[in-house]
Every structure is written in structure tokens, then in C-alpha cells.
Amino acid sequence: MRVAAVGDVHCKKTSTGAFQGLFTAMAAAADVIVLCGDLTDLGLAEEARVLAKELSAAKTIPVVAVLGNHDYESGETDQVIGILTDAGVTLLDGDALEIDGVGFAGVKGLGGGFGQRALQPWGEDIMKRFVRETVDEALKLESALARLRTPQRVAILHYSPIQATVEGEPPELYPFLGSSRLEEPLNRYEVAAVFHGHAHRGALEGRTRAGVPVYNVCLPLLRVLDPDRPPVRIVEIAASPAPASASSAPPVPADRAEEAPGSRLPSQVE
Ligand SMILES: [Fe+2]
Ligand SMILES: [Fe+2]
């Protein structure tokens with residue numbers, strides 16, 4: 001299965017025509033389109049309507065998405081969800097979805113920081129509530145992954161589960177770009193590939209401690225770091241996990257997800 005992923009399209013009222021070419025090309029090159037949040041710029045219903053029209057170019061294949069922080073900005077999130085759902089987008093918020101034998105689990109996620117610097121639930125109530133919210137997102141991700149019975153699982157997030165794909169951003173922002181708490185379920189359930197957005201000035205690729213490949217598919221980042229190719233990442237998910245070699249030491253999780261040959265589309269389409 002070829003998964004074409006992009007995040008942070010930040011669709012505006014004025015974006016009519018801006019993404020049709022990209023979505024058409026994604027639908028032609030892949031079996032599933034994944035959208036990693038910040039679907040709209042200000043979380044407006046009107047922006048969602050524009051995006052729904054743009055996505056009509058991709059009607060031939062499933063579109064799976066999570067929301068991002070921008071989609072919550074204007075208090076119209078329920079309308080945004082309704083409009084995109086009516087347009088055929090499957091929005092995941094702790095949900096699991098199976099497509100052609102591959103499982104998809106999605107949550108928005110939240111911040112909190114990484115590793116030893118991660119925010120702890122200590123002191124003021126508001127700090128405890130912030131950490132609690134991130135833990136809840138991680139638990140939603142875990143239960144979604146647990147519900148999938150497919151041999152291969154793909155995780156979709158808006159916030160990053162690892163530090164490596166936010167590096168490039170100002171370090172002061174790291175706590176607001178993702179959380180290590182989101183990483184644990186990905187390792188436990190041996191996810192084949194993780195897609196996220198949100199870190200507009202981060203890095204394109206990283207790995208979890210267990211070697212799960214993590215792709216930051218933020219559209220503005222793809223545009224800056226690889227300006228000669230369309231802003232999309234295409235990853236091929238094998239039908240089943242690669243068997244561990246008898247002679248080699250630990251199995252290499254990277255074998256579970258391999259970037260498809262010509263993994264960006266061949267020419268600029270937008
Ligand atoms: Fe964004
Ligand atoms: Fe964001």
C-alpha cells in the first residue's frame with residue numbers, strides 16, 4: 001500500500017485552486033491520502049468548505065486525517081469536522097481504521113516536551129491538566145492501536161512523538177511541538193510508520209527509540225527543504241512486517257516501511 005501524506009495545508013478562505021493539483025497527483029500516486037492536521041488556517045467552517053472542494057480532486061481513494069491545533073482556533077471545530085466528514089474524509093481522534101489490510105490509528109496529540117526535559121505533572125493545577133491532556137492523547141493512541149488486528153499499523157499525529165523531527169525549530173518551542181509520551185504506544189505496537197506535522201521548521205525524518213520511522217510531512221517544511229519536488233511524502237507499507245533475519249541481531253523495524261521509489265511526485269503540481 002502506498003500512503004501519500006502531507007500536513008499543515010492551512011487551507012484559507014482564499015485557497016480555492018491551491019491544492020487541487022497536489023491532491024490529484026497524490027490520488028494518482030498512492031492508495032491512501034493521509035492529512036496530518038492544521039487542515040484549516042483558523043479553524044473556520046468556511047475554510048473547511050474550501051478544503052472539501054479541493055479534496056474532491058482526490059475522491060478516487062480514501063482520505064484519512066487528524067485535526068491540528070489551528071483547527072480548534074475559532075470554536076467552529078464541530079462544523080469543520082462535519083463538513084470534512086460529509087466530504088468523505090475519515091477523521092481519526094483516538095479511532096482505528098482498516099483499509100485493505102493496513103491499520104490506521106490517529107490522534108492530534110499535544111505538547112509537553114521530550115525525554116528528560118518533558119513536563120511533569122507537578123505543582124500548579126494547570127500544569128497537571130496540561131500533562132493529563134497529553135497523557136490522554138497518548139492513551140487514545142494506544143487504545144486505537146490496540147484495536148487494530150492488522151499485521152501492519154500506521155500512526156497519524158499532528159504533534160511530534162520524538163524530538164528528532166522538531167530539531168531545526170528554536171529549542172524554546174520544543175515543549176509546544178510534541179511529547180515523548182506519544183512515543184511509547186508506537187514502540188509497544190511496533191508501528192510501521194508514523195506521520196506528523198506541526199513543526200514547520202523541523203526535520204523531515206527521525207526514528208523512535210525502537211526504530212519506528214517517523215516522518216514530519218509538514219507542507220511548508222517539505223517546500224523549503226525540497227523545493228524541486230511536490231510537498232508530499234509517499235511511503236510504501238508492506239502487507240506484513242518483514243521477518244527478522246535469522247543471522248542478524250535485532251530485527252530492523254525500518255524494513256517494515258520503505259519509502260516508495262520516486263517517493264515524491266515527479267514534478268511540481270501546485
Ligand atoms: Fe501548522
Ligand atoms: Fe500545528
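Reader: H10 first: buried or exposed?
Author: H10 is buried, at 9% relative accessibility. Buried is under 20% relative accessible area, exposed over 50%, and partly exposed in between (1.4 Å probe, protein chains only).

Reader: What sort of model is this?
Author: This is a predicted model, where local features need pLDDT of at least 70, side-chain atom pairs count only at pLDDT 80 or more, and totals for chains, interfaces and linings use all residues. Residues are numbered from 1 along each chain as its sequence is written, chains are lettered from A and ligands numbered from 1 in the order written, and side-chain values use heavy atoms, without hydrogens and water.

Reader: OK, which residues hold iron ion (ligand 1)?
Author: D8 (OD), H10 (NE2), D38 (OD) and H200 (NE2) coordinate the iron ion (ligand 1) at 2.0 to 2.2 Å. Donors are N, O and S atoms within 2.8 Å of the metal (3.2 Å for Na, K and Ca); water isn't among the atoms, so sites may look incomplete.

Reader: And where's the iron ion (ligand 2) relative to that one?
Author: The two iron ions are 3.4 Å apart, and D38 coordinates both. H10 sits in the loop between β1 (2-6) and α1 (20-29), and D38 in the loop between β2 (32-36) and α2 (45-55), so the pair ties together parts 28 residues apart in sequence. Those helices (H or I, at least four residues) and strands (E, at least two) are DSSP runs, numbered from the N terminus.
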